[in-house]
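Me: Hi! Could you walk me through this structure?

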Amino acid sequence: MSLLTLLELTPLLGAVLLYAVPRQNAKLIKQVAFGLSVVTLVVSGLMAYRFKTNATGMQFVESHSWISNFGIRYAVGIDGMALVLILLTTILTPIVFLAGWNEADNGRWSVRTFYVLMLVLESSMIAVFAATDVFLFYVIFEAMLIPVYLLIGGYGRGERSQAAMKFLLYSLFGGLLMLASLIGIYIISTNQIGGTFDLAKLATLQIDSGTENFLFLGFFIAFAIKAPLWPFHTWLPGAAKSATPATSVLLLGVLDKVGTYGMIRFCITLFPHATKTFTPLIIVLAIISILYGAFLAIGQRDINGLIAFTSISHFGFIVLGIFAMTSQGLSGATLYMVNHGFSTAALFIVAGWMVARRNSSQIEDFGGLQRVTPVMAWCFFIAGMSALALPGISSFVSEFLVLVGTFTRYPVAAIFGTTGIVLAALYVLITVQRSLHGPTTAGNEELKDLNLREKIAIAPVIAILILMGFFPKPILNWINPSSQQTMQAAGYSDPLPKAGK
Amino acid sequence: MTTRSDLVFLIALPLFSSALLLLLGKIANKWGHLFATVISASTFGIGLYEFFAMRSRSGDARAATQHLFEWISVGTFKVDASLLLDQLSICFVLLITGVGTLIHIYSIAYMSHDLDRRRFFAYLNLFVAAMLLLVLGDSYLNLYVGWEGVGLASYLLIGFWNQKPAYAVAAKKAFVANRVGDVGLSLAIMIAFTQFGSVTFAGVKSGAASASPAALTAIGAMLLLAAAGKSAQFPLQSWLGDAMAGPTPVSALIHAATMVTAGVYLITRSNFIFDASATARLLVVIVGAITLLFGAIVGTAKDDIKKALAASTMSQIGYMILATGLGPVGYAFAIMHLLTHGFFKASMFLGAGSVMHGMNDEVNMRRYGALGRVMPITAITFGLGYLAIIGVPPFAGFYSKDKIIETAFNAGGSKGILLGGAALLGAAITAFYMTRVFVLTFMGSKRWDDQAHPHESPSLMWIPMVLLSVGSVASGFLLSKGSALVHWLAPVVNASDSEGGVELMKPIVVSALALGVVVLGVMTAIIKYGRSVPVEAPEGSLLTRFARRDLGQDDLNHRLLVLPGQAITRTLVSTDYGFIDGIVRAVGWTLGYISTSLKKIQNGYVRSYALLMTLGAIALLATIWLVTL
Amino acid sequence: MFTSPHLNYGLLAPILIILAGALVGVGVEAFVRKTLRATVQLWVALATVLVAVVDLFIVRNQRSTTIAIDSVTFDGATVFMQGTILVLAFFALLLISDRGSFVAQASAIPGSQDEVSADLEGKSQTEVFPLTLFAISGMMLFPAATDLITLFVALEILSLPLYLMAGLSRRRRLLSQEAALKYFLLGAYSSAFFLFGGAFLYGYSGSLSLNGIAAAVAASAGNDIFLLLGIIFLMVGLLFKIGAAPFHSWTPDVYQGAPTPITGFMAACTKVAAVGAMARIFYVALSADLVQWRPIITVISIITMLLGAIAAMTTRDVKRTLAFSSIAHAGFLLIGIVALNQSGLKATLFYLVAYGFATLGAFSVVTLVRDSAGEVTDMNRWVGLGKKSPLIAGAFCLFLLSFGGIPLTSGFIAKFSIFTAAYEGGNTTIVVFGVLTSAIALFFYLRVIVLLFFTEPKSDAVSVSIPSPKVSFVLAASAIVTIVLGVYPSILLNTAQSFATFLR
Amino acid sequence: MDISNYIYLSAILFTIGAIGVIVRRNAIVVFMCVELMLNAANLAFVTFARINGNIDGQIASFFTMVVAACEVVVGLAIIVTMYRSRRSASVDDASLLKR
């Protein structure tokens, strides 16, 4: 068993272990769950330590036959891109446990169920990034919806079951389209090289262009729903408004990255020609997402809805970077996934605290928080700055890489994308102004500032945001080989400088 | 090139101090301001040390670099965190740390009653760090970090009293307007990378030689947009007036002496781009000329002393921008004016702060008057700054502004006459409105009511003012003596000794002309405001009212950007629910409707079920029949 | 000269054992004391099924097309389907034996004194066991039969007991009788079509055996009018049994009216038998004429899937919902027939097992949800069940998720294999529609889950009776199979693969 | 006489039966119509046996008769229970199960 499999299993075993804890002892359950997530973090750290930065190809590879009739294997392995996303998962999980210590208390079901679902979710998120068998990926891709569904529907706020349902239906619909493509590519492999779902082998298939386009669309729409890309986004705001902060963090911070990750790992690698065909369309969608998400964010009254729409805008950037097909765009997009994970995490966690304290998620109900709860206000402010990609904060590096990478190939798209940074300033600052500045809104005078647990929870996120703004290099070193490989697979190379040397 | 290892401390020290003061919180309340001031002073010390070290080197060795670490490296996009201290940046380092330190000292007293003084000093240090990074970065991207960093500091400081909604709005406005400029800077960097494969100053410089004119013009235009945002130039000027919401020391340091001049630095730093593109230069001078007149006109109508000074700042930076657009020799004059302006404008802002300090934060000049008697030191230091800005010899402004007017006239042909004329007209209006400010504030009759007890400010405040006014007096002469600054900067901006262009008029004629219009402006102002001034502003002429409304800049922005933006937002919000989500809901609804209709078949009558089966069988027969035929 | 026909009793034994068991059951009815009858009948039935399973297991690798002249074929598909039917029937019997689903005296008028007294006497209906065994024997014969007469006889053997059993419900007897009547009339009507179709096929080919028909089809161009009439009419009869549109309309009514254990038995086992027979007929006899019938079945499959999924969306009765779901599944199963390749057969076999167990499981949950007047099938009253009995409701959701084809349940692998087979056969259209329908179908499965888990219970909500060990066993077995086949489907897929052959 | 006329007859009988099932309300009559359809099939079998020159069809018809008899048993049982509880043999009265 490779370290990777061990890492996948750790939270899962933890979930089982939770059943050994008496259901009534909520505190112990929380402690055990948190402890387990820290253990997972340690294991993932060990894996990152053993990861060979300069080696190309997959590492920690493991492969066993699973469903031999269809050539389906339990095949896992990670490259740099998968590694950073797994690390994102394992780092965020303990943080959200700590940050949302009490959010499971008033759920539909027990506290234990909440943590079991969370750990199962963590496990499946690790596995989904590790899977190198397309079928395995698909299965986890679909199966992980269930815990999220239950987490939103069982522990959320407001119209939670509706939101959860919408989320599930959208995702499953996308998943079914992907299933159709999955079957298509399997049949093609059966005819050419013998039925397999092995990613590397499938990438060698010769597919006629009409078929390839359809297969590509099946995968792409599934990922576009997940990411979410305009116009497949309408499930997200509801889900974000209803979910608990911890769920939102894992949903938007990590789970949705499966969409963009899938675009790189599957759409581009498996269907390079179709990728070329659809690139213009996708770039237009990405631009629309960037601007649309930003405008909608400006128009939001609900703080979680705002964060959701900012994410739609940010996913637009990620998709733009991916399909720009330059090493800066791809690496930038991958880095963006990580940064957006932490940045949204910070936003959702702090917004969650604000909402919990004020018992309302309407932005207008806040106001003047900087005077009342300075530390919380600062945290929100820094999170906001990371959302608008202020230089010095990690998201700047990725956003700039995406834009510069796009510019070298599609200048007009990059220009449109760049105007997004003005809108980003608007939606962040308007919110900051309404919620943190101005006179203290009536009813907010007695709000409590962050306690020690909350400070400990948010500190690493902010530290990472700032640290990675200045030292993104280790992560870029992990990511760069993956980007190179993706570009090779797609048959692209960086445009050369037009003038000079 | 020389390699230095201590440049990083210029940035690291204030950054560390800022972070420390913010993180420690209340613990640092007692000593935070002192700590910040000491740090600021020590950066000035390092700056001086570096300056002298640089002077002791010669030729190419004067420029110094420090490589810190590899920041971003993806494909060919490689950006190092590296610092570059050359003749241009050292000017800024000294200005920033020097004026910065004085303003730190001033603020100790000015902010003494504010509960959040520690936070204020943390922000100031943050600003100093970011501004130093801006001028020390060796690449456009490093510069960008500082560029946005100062924007952040500016935002925080403008909104320092953000419990007042108007101040919070002002802060936001400043940030957003700056962001529009940042789009320009981002795009400039992207074009540069696409063209040259590098974003360092050196890389772009070497690439610019062989680049296409169109690309260079595009980069130039984008850099100009960036400069316009940061330096409050037309058409992004509207935020500066509102930015006066911040504490006055901030206005002095950030919104007069240093940050707003970053645009001038950017253009000067990018001289290799502008030198290669006449179109870009033309754009620059147009923006500069418009802004210098725009600011001057607005300045004549403002009754708020800080806003009048802000308008003046805008106008003076217009001069600098104009100068940078005038070719190699203009850069040096722009920087010279920038430095002298740093002294006299800071001095005047601090003076204004001192006045406000004594007048219970009253800013309306119509409620001042005759303050010269109760605040002699303030009046004198302000007066020296005043004389400097209007360009009376031998004060600093005379040297720097005259050079710009002269160079503008020399730009050649009708362009030269237009630009020179604009600059000259600007000088006249400047003389008028600055005289107005001075007269309204310090002379004439007392118009303040009895509740105000104007008094001279404490020494911690007036000492910096005095020091700055010394600068306002002497800096012009010192910098221009033997073309000291021009020579000093020559390696950076490629300026030669001989002033380029065709000499339209002898320098002495230009000086005389300038002095003439200044006297004209001063006289007009004294005649208009020397005697009695109504406490309530008269309605004024159409032009006055228009100038009070900042020549309609906000109205224009409101109509052109805000309203359409809000309309788009509203439309999209409703579209999102009504249309995009609506399609999804419509699909669901349709399916539900079909479902209900379908179940009508299920009516419970066995005979109709049999009928359905029979019809089904017939349909099958018919189909296969048709297919087979 | 008359030669006695050669019968291979060894391979016929599984069917014969069941028939024998049924006869013993009839004897028990006559000779065993009333109070003991229920127990004895159950043990007889279970033992019979077990013995049949064991026997089938022993002979599983033998193959013969001539075990009863050439009327019955013992090939891989026969073994697999007979085995499936037997195993499902075993669990169905346990459900059937659970207390109180059946009327004490079927002939008594509902609400009459007769009925009350029969009830008070504690009589219980035990004829249902031999009836079930008879039905099972028909079901086993149906997919194995290779000539038209045997097919028809098997069809009737499996149908007639079911007609009766549908009318045996203890509660809501009027509905139950109505279900029986409808099932009977429509069933008889459809078997008339089947028979008439058979007559035309015979007329066309001159042979009753499938191989004979296949030879004739292969020899001619196949556009003979008799052949076409034959195919269509035969198809009507088969599609009726499967429950495909537009011959589905009995399904919701009968599923709702029949006693729940019978519905479960019928839904699971009949589907296996009918699909098996249909597959054999189309694979063996008519495969050479696929140009004619494949488009038709394709269209019917699409209509059936859509109809089942869409109609279920707004249905309020749990059993009716499951009926519509079974209609949708009939559509999916037809994909396997359209595929017309070995993968298609393999997928169909797997699908039947997966579907059968999930169905049994789902209906066994229905038997548990009760109020004082018996089972409650109005979905609005199932609201909040998840809070009261999370385990039962959870199991129900599991079965629904499997119906919906969510990964890690058996239903997903089933759908995946059947889509793959169709794609392999070049039928991409049907795959696309299948995928779309799955999406629609998900809506109603999820709606139920929302009702169970995400809606606050109302005051008149029902209770879940504590499952007896028998029902628990069925429930647990179904759930385990559903999960195991979802997580590690190779166990069954490999078997299905090796058994997925029709001997000709 | 052309033997195919028997086929037509059988088709007509089948159609009459089918129409009867659809239009008649009395359960017994409906059931008799089904029997008519079965007999139409029988006629077809026998005719085809004649045409094809083998006896398979005739054998089939015997089987059909037996099966039809079984159907009668079951069917009458169901119809009678039905009648007893509703005092009506109309199939239209049995329409409680719907939608």
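**Strands and contacts**

Reply: Happy to! Strand 2 of chain A, residues 72-78, is mostly covered, with six of its seven residues buried. Buried means 20 or more other C-beta atoms within 10 Å of a residue's own, with C-beta atoms placed from the backbone. The model is predicted: local features need pLDDT of at least 70 and side-chain atom pairs 80 or more, while totals for chains, interfaces and linings use all residues. Residues count from 1 along each chain as its sequence is written, with chains lettered from A and ligands numbered from 1 in the order written.

Me: How does strand 2 of chain A pair with strand 1 of chain A?

Reply: They run antiparallel, over six bridges; pairing takes at least two DSSP bridges. One bridge joins A:Ser63 to A:Ala75 in strand 2.

Me: And what sits between those two strands of chain A?

Reply: Four residues, making a hairpin; in the turn, A:Gly71 has a positive phi of about 65 degrees.

Me: Last one: how far apart are the C-alpha centres of domains 1 and 2 of chain B?

Reply: They lie 74 Å apart. Domain 1 covers 336-541 and domain 2 covers 558-628, with bounds from an automatic or database domain assignment.

Conventions:
Buried ≥ 20, exposed ≤ 12 C-beta atoms within 10 Å, placed from the backbone.
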